[in-house]
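Good morning, and thank you for joining. I shall take you through one model, beginning with a single residue and ending with the chain as a whole.

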Amino acid sequence: MDILQKLTEELQVKKWQVEASVKLIDEGNTIPFISRYRKEATGALNDEQLRRLDERLTYLRNLEEKKAQVLSAIEEQGKLTDELRAQIEAAETQVAVDDLYRPYRPKRRTRATMAKEKGLEGLANIILLQMTKRPLTEEAAAYLSEEKGVSNVEEALAGAKDIIAEVISDEAAYRTRIREMTLREGLITSEAKDEKLESVYETYYHFSQAVSKMAGHRTLALNRGEKEKFLTVKIEAPTEKILSWLERQVIRKNNPNTTPAMQETIADSYARLIAPAIEREIRNLLTEQAEEGSISVFGKNLEQLLMQPPIVGQTVLGWDPGYRNGCKLAVVDPTGKVLDALVVYPTAPRNQVKETKATVKKLIEKYHITLVSLGNGTASRESEQILVELFKEIPQKVQYVIVSESGASIYSASKLASEEFPDLDVGQRSAASIARRLQDPLAEMVKIDPKSIGVGQYQYDMNQKRLGEALGSVVEDVVNRVGVDLNTASAPLLEYISGITKTLAKNIVSYREANGRFTDRRQLLKVPKLGPKAYEQCAGFLRITGGKNPLDATSVHPESYEAATKLLQSLGYAPEDIAKGGLRGITGKVTQPKQTAETLGIGELTLKDILQELEKPARDPRDEMPRPILRSDVLGIEDLKPGMALKGTVRNIIDFSAFVDIGVHQDGLVHISQMSDRYIRHPLEVVKVGDVVDVKVLSVDVGKKRIALTMKN
């Protein structure tokens, strides 16, 4: 297989783009670096295209390696024909290679291998070549042997049929066609193991759906219901049609006459050997497809969550609500430093509302708090009520935002949190994290396992390694797209920067603590174990504000500093002018970009990027995202009425709906059918996590805490 040509066709790009990208990947360059700083080489392929290319490149190379192993194994057996070699070399999936290798793969002891050991292979060939429908009693009698354990004709015929059944099962062409027929015409069904048991899987107690139309979220739900022993799940294949086709293939190939013995053998081969394997393969295929779809949605949700704009310049009170153990508070200054931490008990069983208000009032006065970041967990509703009452009693203008607590408890109990906040207890660390999530969501969220952040569906039911890799790639792309401040970034944040390993991240922080703030990007080369290659990969994504070279505060890569400096001089600017807030209108001064790029010795795409960065240095793409809704009054689920119009924030998106926070501590659900007046295939066509949307209440079930919303009209 020509891997480069295959990638070209799949990605629908030019072959030279694929060749260049593969070369860069093989040289050890990261996807963010290639996407940002090697646009000329790749033709400006974006990070999503490059990750797809990298993923398929790995798969196809593994496929070619497997083909070589299979060819070698068959050749050692002396059974490799030119036709078989061509079939294996033309195979495009590992399943196809497995099908072709099946007859030659070393087998465990099966009924067929035991029959062969009894010398019944010759009788099997006679049955295959039988020209009449008469019983083969005489032929079978010739294979009777007490020594080999064949004591009667029935045993001889049964053993011969077992051999034929396995031969039929091992035929790659048969398996391929049967798999296709089952995928096209089969049904996936589920039944309750005990209908009397109430569960979330009641929808699937009597379920049937065409395999070809199976939705990913249903597949994952069936898998979970089966795993938890509520459901029995099966694939119902078009058995009669498959057997009819299989009989025509086997009997036409070997004997034009249909004999009862052959019909029985074909039916046994399908029912005992082929059908169970095909069912497993289709279940695995449906699961893989569902996982890929779910991981894709999870990744998009995570990306939008991490891209939420930071709220800068405000002192924030983080509030982790609770009952018996109280509400943990942490005051965090605009730089993220914890100024104070304490516990109050406004909720049951102590109900110290008056004392709590007095304490919070003092904190607001002392630290000039302007914003409260309130966790949405246990006792959040009561805490919100107290805050709103307090805000009406004080002269200062203070607002609050309800923040998702997902993953906060995991982080606060981690080794990282104990190192970061050695003087705080677990609850206070959680409060500090909740405050920081509002100040800089990206910097705080990278400290938490992406699977624990609370966006996505069925994340614990899928391949955890694949999910972890995919979500890690999303975080890496976002962090590098935004860039980080080299002098304030934490080690967990630095780990996601292109070329920076966990060890290098810790070394950068240690170097910074020992030697003071970085003033020049080239100082990175003094960090232990950070060599030229790592420097090349990471330098452009690490920013230094107020350093020796103003270009260090931009995303211009050091390899382009000479060109950038010449460009500035030719347009009448000095590097120092960058620090004054950007060179507005500089792009319009370059009237002949192609000629200018050639003069500077750089590509036209690189020139465009440099000009954009000089015009708006270190621009933060998160600034273009919707801002969180700041609240000053409380609204409860019991206050909602059908027809009520509200603003809300999209918190999570799954295959068939979106969950919207409308400020009542219970997300409302917007079904895909209520998202648009036009037909849409997926909610992501209309909304993304973090969007602020206008919704209208359709219905409210206070007892079940269910809110149905619509975005139509």
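**Loop residues, surface charge and overall layout**

Lys 705 is exposed, with a relative accessible area of 51%; exposed means over 50%, buried under 20%, and partly exposed in between, with a 1.4 Å probe and protein chains only. This residue sits in the loop between β14 (692–701) and β15 (706–710). Most residues other than glycine have a negative phi, and most peptide bonds are trans.

Before going further, let me state the basis. The model is predicted, local features need pLDDT of at least 70, side-chain atom pairs count only at pLDDT 80 or more, and totals for chains, interfaces and linings use all residues. Residues are numbered from 1 along each chain as its sequence is written, and side-chain values use heavy atoms, with hydrogens and water left out.

Where does Asn 351 lie? It is found in the loop between β6 and α16. Asn 351 has phi near 55°, again positive in a residue other than glycine, and it is partly exposed, at 48% relative accessible area. Pro 349 belongs to the loop between β6 (338–344) and α16 (353–367). The peptide bond leading from Ala 348 to Pro 349 is cis, with omega near 10°.

I turn now to charge. Which residues form a patch of negative charge on the surface? They are Glu 191, Asp 194, Glu 195 and Glu 236. A patch is made of residues with over 30% relative accessible area and no salt bridge, like charges being joined within 9 Å and nonpolar side chains (Val, Leu, Ile, Met, Phe, Trp, Tyr) within 5 Å. A salt bridge here is a side-chain nitrogen of Lys or Arg within 4 Å of a carboxyl oxygen of Asp or Glu. Glu 195 is exposed at 53% and lies in the loop between β1 (187–192) and β2 (206–210).

Finally, the whole chain. It has 28 helices and 15 strands, which are DSSP runs: H or I of at least four residues for helices, E of at least two for strands, numbered from the N terminus. Of its 713 residues, 49% count as buried. Among contacts with a separation of 6 or more, 67% come from residues 24 or more positions apart, a contact being heavy atoms within 4.5 Å. The C-alpha atoms fill a box of roughly 105 × 70 × 50 Å along the principal axes.

Technical notes
Accessible areas come from the Shrake-Rupley method with a 1.4 Å probe; for residues, only the protein chains shown count as cover. Lys and Arg count as positive and Asp and Glu as negative; His and the chain ends are not counted. The place of a charge is taken as NZ of Lys, CZ of Arg, CG of Asp or CD of Glu.
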